[in-house]
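Please look at the sequence and the 3D structure below before reading on. The report that follows considers how two chains meet and how one of them is built.

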Amino acid sequence: MRFRILLAAAAATVSLAAGAAELVVGLSTPITSLDPHFHNLTPNNSLAKHVFETLTRNDEQQRLVPGLAESWRTLDATTWEFKLRKGARWHDGAEFTAEDVVATLKRVPLVPNSPASFAIYTRAIKEASALDKHTLRFRTDKPYPLLPNDITSVHILPKKIAENAKTEDFNSGKAMIGTGPYRFSEHVSGDRVVLVSNDKYWGPKPAWSTVRFKMISNSAARVAALLAGDVHMIESVPTADIPKLAKDARVTLVSAVSNRIIYLHFDSGREKNSPFVTDKAGKPLETNPLRDPRVRKAISKAIDREAIASRIMEGQAQPAGQLLPETFFGTSKRLPPEKYDPEGARKLLAQAGYPDGFGLTLHTPNNRYINDEKIAQAVAQFLTRAGIPTKVEAMPSAVFFSRGSKLEFSFLLAGWGAETGETSSPLRSLLATFDTAQGMGGANRGRFSDAGLDALISTALTTIDDTKRGLILAAASEKAIAELQGLVPVHYEISTWGMKKGLSYKARADQYTFAFEVRTGR
Amino acid sequence: MTVYVLRRLAQTLLVLFVTSALVFGGLFLVGDPVEILVNPNADQAEKLRAAAALGLDRSVLEQYWIFLRGAFTGDLGRSFVFGRPALDVILERMPATLEIAFLAMLISVCLGIPLGLYAGLRPADPLSKTIMAGSILGFSLPTFWVGLLLIILFAVELGWLPSTGRGPTVEFLGLQLSILHWEGLRYALLPATNLALFKLSLIVRLTRAQVREQSLLDYIKFARAKGLPRSRVIGVHLMKNIMIPLVTVIGLELGSVIAFAIVTETIFAWPGMGKLVIDSIFQLDRPVVVTYLLVTVFMFIFINLVVDILYSVLDPRVRLSEAKG
Amino acid sequence: MKLLEVTDLVTEFHTREGVLRAVNGASLALERGEILGLVGESGSGKSVTGFSILGLIDPPGRIASGSVRFDDLELLGLPEESMRRVRGKRIAMVFQDPMMTLNPVLSIETQMMETVFAHEATTPQDARRRAIEALARVGIASPGERLAQYPHQFSGGMRQRVAIAIALLHKPELIIADEPTTALDVTVQGQILYEMQKLVRESGASLIWITHDLAVIAGLADRIAVMYAGRIVEEGPVAEVLDAPLHPYSRGLLDSVPAANAGAGRLNQIPGMAPSLLRPAPGCAFRERCTRAEDRCCDPPALTQMNGRAVRCCNPLQGA
C-alpha cells in the first residue's frame, strides 16, 4: 500500500505570516476548462485573467484601460497600431513580444471541439503583423471600432504554447504559462483551483501568496462558508441573505450595478396567430396585439419597477429605462425608467383597440438570472391588474433558450450582459433585424425589426470616432426604447460580493471576481 | 454460476443499450446544446460553427449511430463543456462520490443495525422509543434542509468541521481518496452524515422490524432451548437471518446513495459525479449525461449481482443457477 | 424424590384486551424415567406449561407465580445463566414443527456442534463425533455427509429426527416434546413415535409428551394429565384414565377419538367452545359445556385425590 500525500497544502491554515497570506474565494459557477480559448464562459475567463493577460482590459466600470498594450490608435479606418508593454515576462522567464500576440490570434479560431469559441473576438482582425518586438499592426475589412473592446477577452499566450499546446495541456497545468500576477498551481475539477503569486509581475506586487478558488454553487452554502471562515470572500451573494449579512459585523458587502439588463421581449414578427396570445376567454387571438408599439408601451407602464427592485430583488436591482445603466458608453441621458402608470396603460390599450385587454403567457428561465421566475411572476401580476391576464411558464434555461430561439414564445423574460460595455452589444443582438449573413439580431427572439434602427446600428458599428459613435448609439437607444418599444427594460442586476471584515474589493460591472483586486485594509 | 454471470452480463448490455437510446432521445427533445453553450454574444455564424464542431449539425439518428459505433470501441464521446472524453470526466469525479457514499453507508450500517437490534429486542424500552422517533425524523426531514442545518451547526456556530468542499486526498489503488487522510475525513464527515441520515433511519426500521418478526420464530426458541448463550442466539442465529433482507436493501441503497448524492453534493460543494451531472444536464452536455447514466445503470446491475452472490452465500436455500435474473 | 414437580403454576400474557391467563394454577409431577402424556385441546395451556418449565416465556408473557422444582433446583427465579445451563443439558425440548425449528441458514453441523459447546468445553473433533453419533442414533443414514447439509435439504421427518438428535446430545434427564409428530405425515408419525419411545427408554430419561391426540398417549405414556383452560383437570395412570375417565371433559375427549372398531356413525364432539382465558368466570371452567353441570359447579372445584388419581370436578363420573 502506498500512500502519497498529494495536497498537504489543502488544509493549510487560513492566516499565515504577514506578506504570505492566503486568500480563499467562493465562486458561484464551476470552472469548466483552463484553456483560455476553449469555452467562453464567465468563470473560465475570470480565472484566465489571473494567469494570462490581454492587450486591453476593462476597469471595474468597463472602461477600457491598457493591459499588455500600453497604447493604441487607428492609422486609418481599417488599420490599428498597438504599442506593447516592455518588460512584461512570461512565468517561465521569457520576454513577452508582439510575436506572441500574432501566434495567439492564430490559435484562437482553431481550438478543436470548442463549445463556445473566442473567435468572435478575433474575427474582425484580417491580418496581424509584428512590426518590431513591441509594435503590432491589425488590419480589418471594414471600420471596426469595437476591436479594442473585443480583445479584452483574448488571453495572450507565449508563441511556443500558442503553436503547440492542446486543451489537455492547459487542464493538466503544463501550458498554464502567462504574464499575469498569479501562476497556476493546482486544479481539482469541480472543487478548486489554486494559484500562487508571480513575484516577477510587471505591475503591482500581488497581495496574496496563494489564492484558492473554491466552487460552491449552492448560494446558501456559499454564505455559510463565508460565515464559517472557510472562505474569505464570495461572489453572487444571494439577495435573500443581504439584509442579514449587511448587519453582520464580521462581513463587508460591496456591490455595483452590472452590465446585465433584465428585459421583456415580444413577438413582434408574426402578424397573426402568435402562439401564446389569447382573448380574455383563453381562445387564440388571430391578430397579434404585441406588434403594436402602444401595446408594448402599455405593458411597460403597467410594471412597477421600483416594487420589483425593492421587494423581489431586496434592493439588488436598479430600475431600467434603456439597455445599460447611464454610466456606460452609448447610453442616453433621456431614458429614465418608465413610470408605474396602470391608468395610462389601460388608456393605451384602449387606443390600440384592446379596451378589454387580452391574455398572455410569459415564458421565463428559472435558473439563469437572479430571481428570474419571481420577477416574471410579479410582472404577470402587474399585467393582470392592468387588464392583460398573464400566466407564467418557467423552465430551466437549457429548455428556455432552445425554445425561444425556435420562436415558440410570444412574450418572454430574459437578460443580456453587454460584454463590450457599450450599448452596441444589446442593440446589435437583441434589436437589430435577424440576419444570419450579417450576424445581426442573433438573440432577437421576438424578431423585432425596424429599418431606421438597423441603419443607426450599422452606422455606429463602423464609426471609429468614439464621441460620434456614442451619440449615434444614444440616439439608437432612444429610438429602440422610447419610440419603438422594441423591448421593455425591467432592471439592471446589481452584483454583490461578500467578504470578511478587513478586506476590500472594487465591485465590478462585468461581474468578474479578481483576487488581484482584493486588498486588505480600508 | 459462470453461466449465471454471463447471462446477467448479456442482460446488462441490453439495459445499457435501451438506456442510451432513451437518454439520447430525451435530451434531444429537451433542447439544443448550442443555445446554452455558446456565448450569448456569439452571432449565428458562431452557433453554426459550434454545432458543427460538436457534431450537432447531423440528424439525431446519425448522431446516435456515431455514438453507438464509438461505444463499441469504448469511446462514449467527448464532453461538450470540458472537451475531454466523457468517461474520463466522470471517472475523475467518481472517487469523490464513492467515498462519501461508502462512508454514509458505513455510518448507516454501523449505527443502524445496533440501534435497530436494540429497539427490536427491547421494544418497550424508552431508549428504543427514542430511536424509533428519531428514525421518523430522519425519514421525513428534507436532505437539503438537514444539510444546511449541519453546516450552520457544525461549521458556522461550533466551527468544528469545514463547511464545504473536499479536503486533501491520498492516492490509494490509483484512486484519489480524501477519507484516508485525517484532514480529508473532516471534510467528508458532514456530507456523509447528511447522506447517511435517511439510510440510517431505513436500516434502523428495517432491522427492528426483522428482529421483531424473527425473534418470534421457533428456531430462535429452539436455539434458546438448546441452552445457547444469548449472545450466540442473537449474534449468530438472529443476525444471520436478518442479514438476508438487510443485505438486499443495503446493496440497493448503496446504489441509490451513489446515484442520488446530488442534493448533498450540491449543498456541500462536494466535487462528485452528482454535482457534475446536474451541471451537465443544465448545460445539455449530452455525452456526460449519457455516460453518467450508463455508468450508473452498470453500477446498479453490478451491485445487484454482488447482492445476489452475497445472498447465496448467506442463504443456503438460494442457488444462483436457479435464481431468476 | 420426584424429578419434576410443578406446583400452582400461573403464566400470564399481557395483551391489549387485558391479562390472559394461559396457565392458571397447573400442578403436575414426574418420576425419573416416567413418561407423562399432557393432553388438551389447543389453547388449553399445555404448550405454555412446557415452555414455562424451561423458562422460555417472553414478554408480553410472564410466569406470575407457582413453583417448578427440578431435581433439587427451583427453576422459577433462577438466574439466567444457571437456567441456561439447565436448558439443553438437563432438560431438552423438541418442538412441534420441524420445518420451523432448525435455523434455515446454518448447517446441521453448526447447529449440533454449538449445542455441544454450549455446555461442554471440548474439541471440535469430539463435538463432531458426538453429532454424528447422535444422528446415527435417530436413524439418519450416512450421518457424516448429512452433517454438512442445511435444513432445507432434509424432509420434515428427517428434520424432526435431527431435532431429536440435538435434544439427546447431552443425555438429558427430562425431555419435553411438544406435539413432535403433529406436523408430520402419518407414516412418518409412527416411526418417530416409536424411535422416540425407544430412545427415551434406553437413556432412562423422563418425557413429557404434549399432545391433543389421546391415541398416541395410549401406547406411549405411563401417566396422563388432562389440561383444560390452564388447569390440570384430571391426572392418573394412563390405562385407568383412558378406561374410566373421572372428569366429564376427559370423557368428551375420549369420545371424540375415532376408534378403529367404532364403525360408522358420527363422532361425538364436545359441544361449545373453549372458554376465554381473558376474564375467566369463577367456578369450573368446563361447566358451560358440561352435560353434568350443576349449581355447585359455580364454586371453584378443588383437585381431589383418589387411589393414585386426581380430578378437579364437583361431579365426577365415578366415586362421588
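## Polar contacts and salt bridges

A polar contact is a pair of N or O atoms within 3.5 Å, where, within protein, one atom must be able to donate a hydrogen and the other to accept it, and where residues adjacent in sequence count only if both atoms are side-chain atoms. This is a predicted model, in which local features need pLDDT of at least 70 and side-chain atom pairs count only at pLDDT 80 or more, while totals for chains, interfaces and linings use all residues. Residues are numbered from 1 along each chain as its sequence is written, chains are lettered from A and ligands numbered from 1 in the order in which they are written, and side-chain values use heavy atoms, with hydrogens and water left out.

Between chain B and chain A there are 18 residue pairs in polar contact, both residues at pLDDT 80 or more. The two chains also share two salt bridges, a salt bridge being a side-chain nitrogen of Lys or Arg within 4 Å of a carboxyl oxygen of Asp or Glu. The side chains of R123(A) and D43(B) form a salt bridge, at 2.5 Å from N to O.

## The extent of the interface

In total, 59 residues of chain B are in contact (heavy atoms within 4.5 Å) with 61 residues of chain A.

## The build of chain A

Chain A contains 16 helices and 19 strands, which are DSSP runs (helices H or I, at least four residues; strands E, at least two) numbered from the N terminus. Along its principal axes, the C-alpha trace of chain A spans about 75 × 55 × 45 Å. Of the 522 residues in chain A, 61% are buried, that is, under 20% relative accessible area with a 1.4 Å probe, counting protein chains only.

Key: Buried means under 20% relative accessible area, exposed over 50%, partly exposed in between (1.4 Å probe, protein chains only).
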